[in-house]
Amino acid sequence: MLKNNIRITHFVLLMSLLNFLFFHLPFYTYVFNNVDYKSLNGIILVISLIILMLVLNAFVFFLIFSLSRYVGKFLLVLFFMINAIAVYFINTYSVIIDESMIGNTLNTNYEESSSFFSFKLVLYVILLGVIPSVYIIKAKIINVALKKILTISSLTLLFIVVLVFANASNWLWIDKNSKQLGGLAMPWSYTVNTSLFYIHKYKKNEKEILLPNAVIKDNQKSVVVLVIGESARSQNFSLYGYKKNTNPLLSKEQNLFHFNATSCATYTTAGVKCILEPTNSDDLYEILPNYLYRNNVEVIWRTTNWGEPPVHIEKYQGRDVLKQNCKGEGCNYDEVLLTGLKEQILASKKNKILIVLHTSTSHGPTYSKKYPPRFETFKPVCNSVELGKCSQTELLNAYDNTIVYTDYILYNVIEDLKQLKEYKSTMIFVSDHGESLGEKNLYMHGVPISFAPKEQYEIPFIVWVSDKSEELKPNKTLTQNHVFHSVLKFLNIESPVYKEEMNIFK
């Protein structure tokens with residue numbers, strides 16, 4: 001039985017040990033998979049990391065509890081609860097809690113986050129979070145004298161410094177793997193990276209960098225429909241050679257082109273930002289819809305998703321607005337984005353139109369709920385939010401059905417544009433990022449781009465053009481930044497930021 005009356009030194013060591021045992025299996029699994037643990041140097045590194053983890057956490061807990069019992073207990077309960085949730089997601093989806101994943105989490109809406117709920121998650125929270133928290137709250141911690149606190153702190157700090165310098169030969173390995181290690185160390189993965197996220201967000205949003213003014217060069221009626229895909233990876237499109245026919249409609253279209261492409265990042269906020277900016281940058285430049293709207297182009301944004309940079313236009317239409325004039329089962333899915341699309345284009349009083357459709361079709365883990373039942377082409381499908389419980393066949397079938405549904409949506413966009421005889425028109429489809437479906441035991445997306453698998457950054461870039469409008473260059477591998485310059489070219493808009501080499505049209 002754990003004692004309720006306990007010295008502060010014994011208490012923080014116990015908490016550090018529990019934190020280590022409950023929440024650091026993924027951390028040390030990564031270490032064992034990436035070092036030669038049978039060599040002397042590997043053994044020293046592993047033992048040093050274990051000691052460092054135990055001592056460093058105990059030291060931080062000791063400092064917090066020395067300052068305030070109430071704050072210490074509150075933070076420790078919070079740590080254990082969040083640790084339990086974090087480890088659930090690491091074990092279930094093989095995610096790494098780095099800065100980009102924190103951004104992904106903080107930008108997730110209720111509908112999306114609720115889809116992750118499972119009985120297994122509840123068990124994690126109760127066993128690893130609630131039960132230890134009850135003991136933490138009840139524990140009566142016996143203080144030590146200030147002199148002893150200072151002595152313990154000084155000696156511990158000295159020990160940590162000596163241990164770090166004793167591992168000088170391993171610094172290069174630790175630096176190389178710092179993102180993964182930092183993303184798996186509890187509770188510092190989310191505490192440090194949340195702080196970094198908000199620091200960087202503040203810097204990015206200090207001021208949007210306006211682009212130099214643009215000029216519309218002709219009066220020809222032109223419309224671009226930019227469809228931003230969600231979690232669509234190119235390898236599951238039959239247009240790209242996938243063995244299952246996931247593109248039954250697009251494969252029959254004339255004037256349709258597809259290109260190999262890569263995303264700038266593996267999560268929505270960065271991916272969408274990259275699609276809409278002239279260059280891949282950490283700075284917040286004026287994005288395409290804002291830029292064109294400011295320069296007298298009709299801009300319409302329709303979305304069932306989230307995570308885009310601030311959009312400063314008049315016609316921003318979410319799911320709730322679009323559903324008001326929508327009829328049929330498709331209104332509960334991404335088909336709602338097509339409601340009255342052609343009529344809205346024809347009603348415009350401007351000659352140049354950009355429409356952005358931001359979809360959510362292939363976002364996991366509930367792939368089977370992202371399309372109407374009649375699009376369940378491939379069976380059986382995975383219906384669990386715990387993707388590792390599904391067979392690879394079931395998981396691929398559910399995901400592939402979202403691609404079949406995407407095919408249908410893009411086909412209908414093209415059919416609408418074909419009827420606009422007065423307009424020169426194009427549809428550009430590009431995804432925000434790819435998706436892992438169990439390859440290398442990874443699921444969904446969000447692995448840092450520097451070491452992400454190709455499934456998370458190889459994306460479709462599909463273009464349709466109306467008859468007698470534009471021809472396309474023999475493009476090889478494209479990036480998301482090609483979108484900005486290609487839209488300017490198609491609408492014949494002259495701008496100082498335009499780069500011909502980033503334009504896909506002749």
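**Briefing on a predicted protein chain**

In this predicted model, 77% of the contacts between residues at least 6 apart in sequence join residues at least 24 apart. The protein chain holds 17 helices and 14 strands. Of its 506 residues, 57% count as buried.

**Extent and surface**
- The C-alpha trace spans about 85 × 50 × 50 Å along its principal axes.
- The accessible surface of the protein chain is about 23,200 Å², and carbon and sulfur atoms account for 60% of that area.

**Charge**

**Helices H3 and H4**
- Helix H3 covers residues 40–67 and helix H4 covers residues 69–93.
- The two helices pack with their axes 6 Å apart, at an angle of about 140 degrees.
- H3 is therefore oblique to H4, since only angles over 145 degrees count as roughly antiparallel.
- On the H3 side, the residues that meet H4 are Phe-61, Ile-64, Phe-65 and Ser-66.

**Helix H17**
- Helix H17 runs over residues 482–490, and eight of its nine residues are buried, so the rest of the structure largely encloses this helix.
- Its buried residues are His-482, Val-483, Phe-484, His-485, Ser-486, Val-487, Leu-488 and Phe-490.
- Asn-492 follows H17 and has a positive phi, near 55 degrees.

Terms used:
Residues are numbered from 1 along each chain as its sequence is written. This is a predicted model: local features need pLDDT of at least 70, side-chain atom pairs count only at pLDDT 80 or more; totals for chains, interfaces and linings use all residues. Side-chain values use heavy atoms; hydrogens and water are left out. Helices (H or I, at least four residues) and strands (E, at least two) are DSSP runs, numbered from the N terminus. Buried means under 20% relative accessible area, exposed over 50%, partly exposed in between (1.4 Å probe, protein chains only). Contact means heavy atoms within 4.5 Å. Accessible areas come from the Shrake-Rupley method with a 1.4 Å probe; for residues, only the protein chains shown count as cover. Axes are lines fitted to C-alpha atoms, for helices over the stretch in contact, and angles run from 0 to 180 degrees between N-to-C directions. Angles under 35 degrees count as roughly parallel, over 145 as roughly antiparallel, 65 to 115 as roughly perpendicular and the rest as oblique.
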